[in-house]
Amino acid sequence: MLSQANCRYIKAPALAALLPKLHINRHAPRVVVFGGKIFGGLGLKDYFIDQGYQQLRYLVGHIKLNDDVGQQFLILLSYVQLLTRTSTSVFHQPYQLFKPWTEHTWVSTLWEFCTALKLSITFEDPWLPTLSRTHNIFLMEEALRLHLATHILQDINQCLIFLQVITLSDITTVDGRYLLPEAIQGLPIQDRLNNLTWPHQQHLPPRSWTHWRTFLQFFCTGNRLRTPLGAWINMPHQRWRWYYNSADSLLYHQLSDDTWEVLAPTYTSTRRTRHSRAQYRAPTPCPPPSFHQFFPASVTTSSNFVMITHSNSSFKVPSPPPPTTLWVTPSPSPFLHTPIFFQRLIGPNPPSKESCSAVAEAIVQASLIGPSPSPFLHTPIFFQRLIGPNPPSEESCSAIAEAIVQASLIACSDGSCNSGIGSHGWVFASVRGTIISSGAGPVDGHPSLMSSYRSEASGIAATLCIILKICHHYEITRGLVLCYCDSKGVLNNIYKKCQRGITPFLNTDYDLVHLCHTLLADIPIEIRGEWVKGHHYPRQMEPKYEINHLADANAIKFSSSPAPSFTPRKLPLSYPGFRVQLHCDNSIITSNLYQT
Amino acid sequence: MPLATFQSACSRQIVKMTGITFVDDSSLSVTSTYTPNATLSATEQVRAEASHTIQLLSNLAQHWERLLFSTGGAINLQKSHWYIMTWNWLNGKAHLATAADAPGSISLTTGDNTYRDIIPRLAPTDSFRTLGVYLSPSGTQGRQIQILWGHADSYIIPTWQTQPSHRRRQSFRILSICTHTLPTLYPAPCSLKLTADT
């Protein structure tokens, strides 16, 4: 890919000829020449910006399409991530910081472009290295903090590639107290296997290892760590060959052909004291041990004894975060994270957990707030916001389910957009016009990218989400729903078959259009999108016009007074299956990527 | 059948491909499956690996030629080329090996002819034209930049000589450089993967 200097070189003759012809000084500031017309600039295209834009199009389009090219992008990205050795995605870090040891690739050019424009790219499920123990550190991040010279950083980086390590725990003994002798001498670490695929690195010159050893002395005295590592908090990327079972002192060993053997201890005398020594003999084949129950160990063989060192804890798999919900508040104690001001206000004895639940029950019985409807019990928070604060009640859900099966259900959604604030409304009714359920929700997004198109698309997404939830809950496999909307553009983009290639993934508000396509693919019944004329008051009022007016009224009402947890957000939540998103100015770019 | 295999660092993504064809343009690729021999020196290792990979590509290319011939097609071997990307190590840093560092050749039979024709070899730093852009296996864009600069230069010569009355028309002519050169600035990012490398 071309650098900014290359791009300037190519366009220089053209600019030198063009600017005088436009009666502009050829030395005019390039900010004016390439600035947008809305800012008073000439609006000429800058090759470097165009190149970056096209790169972004390729990346986003192919990753969303999930084709071979997209997979190759992810492969390249994984190596850039591996070689930067940071715990956060590279596109959320400044490129200049990591430039000294990052190889010049297609991705690194894009990374540089994104940093210059303050853009960031978020991937749905990126691979990121983690710290596996307490008091552990990322070695390259530590080297950066020390403000070392560029050539020393490059040498340290090559040593890390040679040793195939990322964090300090990768080069320490299993008890977390000492550095491995191989790591200090610059030899491959033999007793551990690597889960990652590393680039090839041949032997390094002695100068690199001298820099490496000097670097190690910043957190070690000799080979002893100044701050020993603690318990395991994550699965490491290295695999141990030895595991120790503390309950019965069994030793498990992985052989070079990936099979396992177990060694049981035998004691020389029946009387066990702290001086008695165990002998491990006669290994027997066994299945792979459970890494979460046994302790990783290292075994050092000497001429007359075998020393077993083991960790004091087993590997931990981090537990997933608890589900969050906007509709119910199942916090163990409502006063857990109360600010100190409110703590003083409430006094030393806030209501106990039991009292809180009793009060909550009383409120529910008094119908001040409704209980969570069953089809929406475990709805992800993204869909909770989409549907809004008042999802269909259990009775409404069963009525909707019955109407779906009888093919007598109509639904309508409408959007509202006023001064960058969007909202949508939805209505479910029978074909005769009897309203079954209605509601409204916010439309999240940057105010400058908000449009009536986005609001309408959000309304359709909410309607489809409700239908999908009800179909899954009542196990409906056949039926028909007519979904009305007063925007022909949205209907065309959502209900018509989309184009092939990467182009559709960069259309306006494709996040919501893509979500609707996913929902339509999952809904097991027939959905027909129909256009209805908005704000139309004929003499004979048909049900479709009535529900359109109601949806519109709901959206406008919600827009003027949104529920507390449902105020429109500048940064939309990520929808499930988004794969990749572009961020700028603390919001997701949903439209007008080039202008942004 | 030999393949080009690309695997992510965490092994989540694995892409295997034999090649890519676009109308009558085909690119075949293989990646090395060589097992290092501890008894060889570093230079010998590079040569052995290159030789192994060239053999894989040769087999694949001959198989492709046979498939084409049996379905009524043919390859023009003099219009074809091949290259290999392998590295020499100097002070722990990798440098792309030249033809002298990794010698080898590919020769194929075509149709009923039993004589083997040698396919021209490109160095990794050479550029070749494909689909309107000049690509280089090493990723250098020097030739592409020079060609684009030449376009811009040739466009402006008549513009300098025009009368002021034609200013507006000529200005638009220069502006058309943007539309003329821009599409050729962005070669497909993965096109380097289409050809043989190790």
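This is a predicted model: local features need pLDDT of at least 70, side-chain atom pairs count only at pLDDT 80 or more; totals for chains, interfaces and linings use all residues.
Residues are numbered from 1 along each chain as written, chains are lettered from A, and side-chain values use heavy atoms, without hydrogens or water.

**Cavities**

- Searching the whole structure turns up 4 cavities of 30 Å³ or more; a cavity is a set of points on a 1 Å grid over the protein atoms alone where a 1.4 Å probe fits but cannot get out.
- The largest cavity has a volume of about 170 Å³, a volume being the space filled by probe spheres set on the points, joined across faces, edges and corners.
- Its lining holds 16 residues, with A:Phe382, A:Asp444, A:Arg454, A:Leu512 and A:Pro572 nearest the centre; lining residues have an atom within 4 Å of a point.
- H13(A) supplies the largest share of that lining, 3 residues; helices are DSSP runs (H or I) of at least four residues and strands (E) of at least two, numbered from the N terminus.
- By class, the lining has 9 nonpolar, 3 polar and 4 charged residues, where Asp, Glu, Lys and Arg count as charged, Ala, Val, Leu, Ile, Met, Phe, Trp, Tyr, Cys and Pro as nonpolar, and the others as polar.

**Sheet**

- Three strands of chain A form an open, antiparallel sheet in the order E1-E17-E18; strands pair if DSSP finds at least two bridges between them.
- E1 (119-123) and E18 (587-588) of chain A each have a single partner strand, so one side of each lacks a neighbour in the sheet.
- E1(A) is joined to E17 (residues 580-584) of chain A by 5 bridges, and A:Phe123 stands opposite A:Val580 in E17(A).

Conventions:
On a 1 Å grid over the protein atoms alone, a cavity is a set of points where a 1.4 Å probe fits but cannot get out, and a pocket is an open set with protein on both sides within 12 Å along at least five of seven lines; lining residues have an atom within 4 Å of a point.
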